[in-house]
Amino acid sequence: MMLEDNFAVAKAACQYLSQQVQDDGQFVYLRSAKGKHLTHKPYNMLRHCGSIWAMAAFLRLEPDATTEQKCLAALGFARRETVKCSSPEAETDLLFVLDRKSIAKLGGNALIYLAFDSFADQDPLFKQGLLHGLRFFLTPEGLIKFSKFDPYTGIAADFVSEYYPGEAALALCTAGDFDTAYRMITTLRDTRDKVKMTQDHWLMQALEVIILHYLPMKTPEATQRVQFCLQYLHDLYQQIFTNRVYLGRNTPVACRAEGILSYLAVLHAVGDVQRYIGVRLFLQQLMQELRSYQVTDGVLAGAFLDHNKARIDYTQHSLSVFTRFVAYQAAGIL
């Protein structure tokens with residue numbers, strides 16, 4: 001596939017998301033295949049923040065004042081959905097982004113941090129409060145205490161997410177807290193993925209960032225961390241490659257492709273040419289399928305469909321794939 005073609009796919013997807021940002025900063029969250037705005041689904045702040053993060057990545061390829069203003073409006077809405085809390089367990093104020101049922105989520109705080117971090121001029125104290133809120137979900141050892149809780153009552157929900165840990169690890173890496181992220185990842189490997197691997201694209205992106213951070217270091221500890229994370233990536237990719245039940249739907253394909261991009265970046269960095277060639281070919285096959293889900297004209301032009309609907313995160317994940325492919329290709333990784 002040509003660089004220009006992938007860029008055009010990403011640009012159309014970013015433009016679609018930009019056009020869905022309303023005056024109050026909320027996205028038009030869900031549309032039918034005919035373009036009708038559907039409102040029966042609850043608004044999801046994780047997908048809201050993830051969409052901003054993906055749009056910001058495209059803006060690094062091609063700045064656009066209108067899209068940036070839409071992102072800032074969406075950030076403003078996310079900021080209005082945060083609350084400040086205090087806790088005897090914490091030495092500073094904590095910020096949590098809430099969903100529409102006033103529940104704080106580990107993944108929510110991770111993605112709002114990633115969204116705000118994508119814009120350098122955003123309030124650093126606000127970002128720090130979000131990071132403190134994120135750490136409140138964890139023990140000092142990186143174990144997840146809970147995934148959801150009500151900040152008004154302090155009651156934690158008995159809920160486990162497959163993707164919140166990977167989102168949290170990526171946010172911690174982005175914040176430079178590689179030690180906590182690594183401890184979280186080793187815990188996941190020993191608990192969640194000990195019996196059954198979870199094909200977690202967020203975790204694979206976190207593993208990429210950790211490996212690239214420690215790879216230039218030559219200490220025994222850094223080498224051990226690289227080897228552990230690299231083996232984890234090998235295993236996650238093998239699950240994706242051998243269990244292709246996700247084919248035939250845009251979003252599962254896009255999520256796997258996001259993870260594979262991280263795997264390719266790492267294989268390039270460590271010089272594993274033999275694995276790299278086969279993985280790159282497989283990624284291109286998935287991207288070819290992804291392109292078939294993008295609408296090319298009408299109200300939904302640029303959007304990606306899944307189950308005959310265009311939800312913002314359906315487009316977000318595909319946007320992330322094509323944006324990163326173009327960026328990695330320009331950097332000589334692909």
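Helix H7 is largely enclosed by the rest of the structure, because 10 of its 13 residues are buried (under 20% relative accessible area, with exposed over 50% and partly exposed in between, using a 1.4 Å probe on protein chains only). Helices here are DSSP runs of H or I with at least four residues, numbered from the N terminus. Keep in mind that this is a predicted model: local features need pLDDT of at least 70, side-chain atom pairs count only at pLDDT 80 or more, and totals for chains, interfaces and linings use all residues. Residues are numbered from 1 along each chain as its sequence is written, and side-chain values use heavy atoms, with hydrogens and water left out.

H7 runs over residues 178–190 and reaches 18 Å from its first C-alpha to its last, close to the 18 Å expected at 1.5 Å a residue (1.5 Å times one less than the number of residues). Among its buried residues are Phe178, Tyr182, Met184, Ile185, Leu188 and Arg189. The cover over them includes H6, helix H8 (192–195), H9 and helix H10 (220–242).

Now the pockets. A pocket is an open set of points on a 1 Å grid over the protein atoms alone, where a 1.4 Å probe fits, with protein on both sides within 12 Å along at least five of seven lines; lining residues have an atom within 4 Å of a point. Volume is the space filled by probe spheres set on the points, which are joined across faces, edges and corners.

| Largest | about 540 Å³ | Arg47, Tyr163, Arg311, Asp313, His317 |

The largest pocket's lining divides into 10 nonpolar, 7 polar and 7 charged residues. Nonpolar covers Ala, Val, Leu, Ile, Met, Phe, Trp, Tyr, Cys and Pro, charged covers Asp, Glu, Lys and Arg, and the others, Gly among them, are polar. Helices giving this lining at least two residues each include H2 (45–61), H6 (164–174) and H13 (312–330). For the second largest pocket, the lining has 10 nonpolar, 6 polar and 4 charged residues.

As for cysteines, a search of the whole structure turns up 0 disulfides (a pair of cysteine sulfur atoms within 2.5 Å). For cysteine 173, the nearest cysteine sulfur belongs to cysteine 229, 8.4 Å away. Cysteine 173 is buried, at 3% relative accessible area.

Key. Contact = heavy atoms within 4.5 Å.
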